[in-house]
Amino acid sequence: SVPYNGVTTTCEALWMGVPTVSVVGDRSLARYGLTVLANAGLRDCVATDGAGYVDRAVALASDAPALAELRRGMRERLQASPLLDGPAYARNFAAACRRMMEIMAEREAD
């Protein structure tokens, strides 16, 4: 999880019901875990430093009933999240492409 938080591996772990704890770093590749976990509604699994990482991992592992419940509902959690909302992603991507084309046209017109 440090320094590269993973994207695909984090999503795959979550899909298989394995909660992931991540540390937020100061570069984009060290912030992917935050993005994935926050969008999955698991912001509590994100730490800002090594000590917080250990604290969160120990807390998660120490509460077996809560961990089992979290694991049991993980796929449904992901399916309801923006991470697996393909139509919304496509709409947002298309809108971003349109906006980039508008900006390029504005610059060419100047």
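I looked up R99 and found a relative accessibility of 39%, so R99 counts as partly exposed (buried is under 20% relative accessible area, exposed over 50%, partly exposed in between, with a 1.4 Å probe and protein chains only). This is a predicted model, in which local features need pLDDT of at least 70 and side-chain atom pairs count only at pLDDT 80 or more, while totals for chains, interfaces and linings use all residues. Residues are numbered from 1 along each chain as its sequence is written, and side-chain values use heavy atoms, with hydrogens and water left out.

The side chain of R99 forms a salt bridge with that of E106, at 3.7 Å from N to O (a side-chain nitrogen of Lys or Arg within 4 Å of a carboxyl oxygen of Asp or Glu). E106 is partly exposed as well, at 44%. I also noted that a network of salt bridges links R99, E102 and E106.

**Entry: the other salt bridges**

How many salt bridges does the rule give? The count comes to four.

One of them pairs the side chains of D26 and R27, with 2.8 Å between N and O.

Another joins E69 to R72, at 2.9 Å from N to O. Both residues lie in helix 4 (residues 64–72), and because they are three residues apart there, about one helical turn separates them (helices are DSSP runs of H or I with at least four residues, strands are runs of E with at least two, and both are numbered from the N terminus). E69 is partly exposed at 48%, whereas R72 is exposed at 58%.

**Entry: helix 3 against helix 4**

Two packed helices are described by an angle and a distance, both taken between their axes. For helix 3 (residues 50–62) and helix 4, I read an angle of about 90° and an axis separation of 5 Å (axes are lines fitted to C-alpha atoms, for helices over the stretch in contact, and angles run from 0 to 180 degrees between N-to-C directions). Helix 3 is therefore roughly perpendicular to helix 4 (65 to 115 degrees; under 35 is roughly parallel, over 145 roughly antiparallel, and the rest oblique).

Which residues make this contact? On the helix 3 side they are L60, A61 and S62, and on the helix 4 side A64, L67 and L70 (contact means heavy atoms within 4.5 Å). I sorted them by class and got five nonpolar residues, one polar and no charged (Ala, Val, Leu, Ile, Met, Phe, Trp, Tyr, Cys and Pro are nonpolar, Asp, Glu, Lys and Arg charged, and the others, Gly among them, polar).

**Entry: the nonpolar core**

Nonpolar side chains in soluble globular proteins tend to be buried together. I listed the largest nonpolar core here, which has twelve residues: L14, V24, L34, V36, L37, A40, L42, C45, V46, L70, M74 and L78 (a set of buried Ala, Val, Leu, Ile, Met, Phe, Trp, Tyr and Cys residues joined through side-chain atoms within 4.5 Å). Two or more of these residues come from each of helix 2 (32–39) and helix 5 (74–79). Helix 2 gives the most, with three residues.

Apart from neighbours within four places in sequence, L14 contacts P19, T20, V36, L37, A40, L42, M74 and L78.

C11 lies in helix 1 and is partly exposed at 27%. With neighbours within four places in sequence left aside, the contacts of C11 are V36 and L78. I also took the C-alpha separation of C11 and D49, which is 22 Å for 38 residues of sequence.

T9 is in helix 1 and is exposed at 55%.

Where does M16 sit? M16 is in the loop between helix 1 (8–15) and strand 1 (22–23), and M16 is exposed at 55%. Not counting residues up to four places away in sequence, M16 touches R71 and R75. For M16 and R75, I noted 59 residues along the chain and 7.5 Å between the C-alpha atoms.
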